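Good morning, and thank you for coming. Please look at the structure as I bring it up.

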Amino acid sequence: MTLLSVNLNAVAQLRNRRNLPWPSVMGIARVVLDAGASGITVHPRPDERHIRRTDVFELAELLRRDYPDREFNIEGYPSDDFLALIEAVQPQQVTLVPDDPAQATSDHGWDFVGQGALLRQVIGRLKTPGRRISLFCDPDAGEAGVAAARDTGTDRIELFTGPYGACFDDEAAARRELEKLADTTRAARGAGVGVNAGHDLTLANLPAFQRAVPGIAEVSIGHGLTSDALLLGFAEATRRYRAVLES
């Protein structure tokens, strides 16, 4: 079964628009966890335009205290500040992304060969018996990319599903993107590397992704689930995403 980790960046960004205490990141975290989400994902950026450092510590405490069976996944570029944050918070999963701080959102995977030395160093620092590392991965990485990722010491890759989400209305283009994702997933599982996925996954396009790309351990969904929650509420949106993943 594919697990669902709910990304709360969009909730934090809405809160920060008025610098008010609501919507409450902690409150929404409770709602989605009570609705069955397997964990919470955040991507704290240096400018704190959505998730703040204080949120990270508060979420970590919430999970430890009230939801000890759920996971905290923190995404980010491995700057010195980010690495220090990880060491202070001790999440169960760290997803490393090759983002420039100014980017609106993640939009490409790592160059596992060209940036392999950096990744090996960072993974060597962060990896502990109680923590897994995941590396953001282009959908067409294939066997060569997966082999290079494995050599960094990572536990998992996270497939960047943005290109698939962007072309879902074009059946032929979506099929081509799903084939890339499926090929990379098969290569990863054959190499002993776990596979997560995330970006622009929605209730509309997730079922086809699930059918075409079996073997995904976890999806991290934020923007799509938050958009659906505007109509459905966060609890119902979480339940509907879980129903797709469990079908």
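This is a predicted model: local features need pLDDT of at least 70, side-chain atom pairs count only at pLDDT 80 or more; totals for chains, interfaces and linings use all residues.

Helix 2 and helix 11 pass each other in a right-handed crossing.

Which residues make the contact? From helix 2 they are Ile28, Val31 and Val32, and helix 11 contributes Phe234, Ala235 and Thr238. Sorted by class, this contact of helix 2 with helix 11 comprises five nonpolar residues and one polar residue, with no charged residues.

Now to the geometry. In general, a pair of packed helices is described by the angle between the two axes and by the distance between them. Here, the axes of helix 2, residues 25–34, and helix 11, residues 234–246, come within 8 Å. They cross at roughly 40°, and helix 2 is therefore oblique to helix 11.

Let me turn to strand 2, which spans residues 39–42.

Strand 1, residues 3–7, runs parallel to strand 2 and is joined to it by three bridges. Within that pairing, serine 5 has glycine 39 of strand 2 as its bridge partner. Strand 3, residues 71–76, is likewise parallel to strand 2, and four bridges join the two. Here, isoleucine 40 has phenylalanine 72 of strand 3 as its bridge partner.

Thank you; I welcome your comments.

Methods:
Residues are numbered from 1 along each chain as its sequence is written. Side-chain values use heavy atoms; hydrogens and water are left out. Axes are lines fitted to C-alpha atoms, for helices over the stretch in contact, and angles run from 0 to 180 degrees between N-to-C directions. Angles under 35 degrees count as roughly parallel, over 145 as roughly antiparallel, 65 to 115 as roughly perpendicular and the rest as oblique. A crossing is left-handed if the near helix is turned anticlockwise from the far one by less than a right angle, and right-handed if clockwise. Contact means heavy atoms within 4.5 Å. Ala, Val, Leu, Ile, Met, Phe, Trp, Tyr, Cys and Pro count as nonpolar, Asp, Glu, Lys and Arg as charged, and the others, Gly among them, as polar. Buried means under 20% relative accessible area, exposed over 50%, partly exposed in between (1.4 Å probe, protein chains only). Two strands pair if DSSP finds at least two bridges between them.
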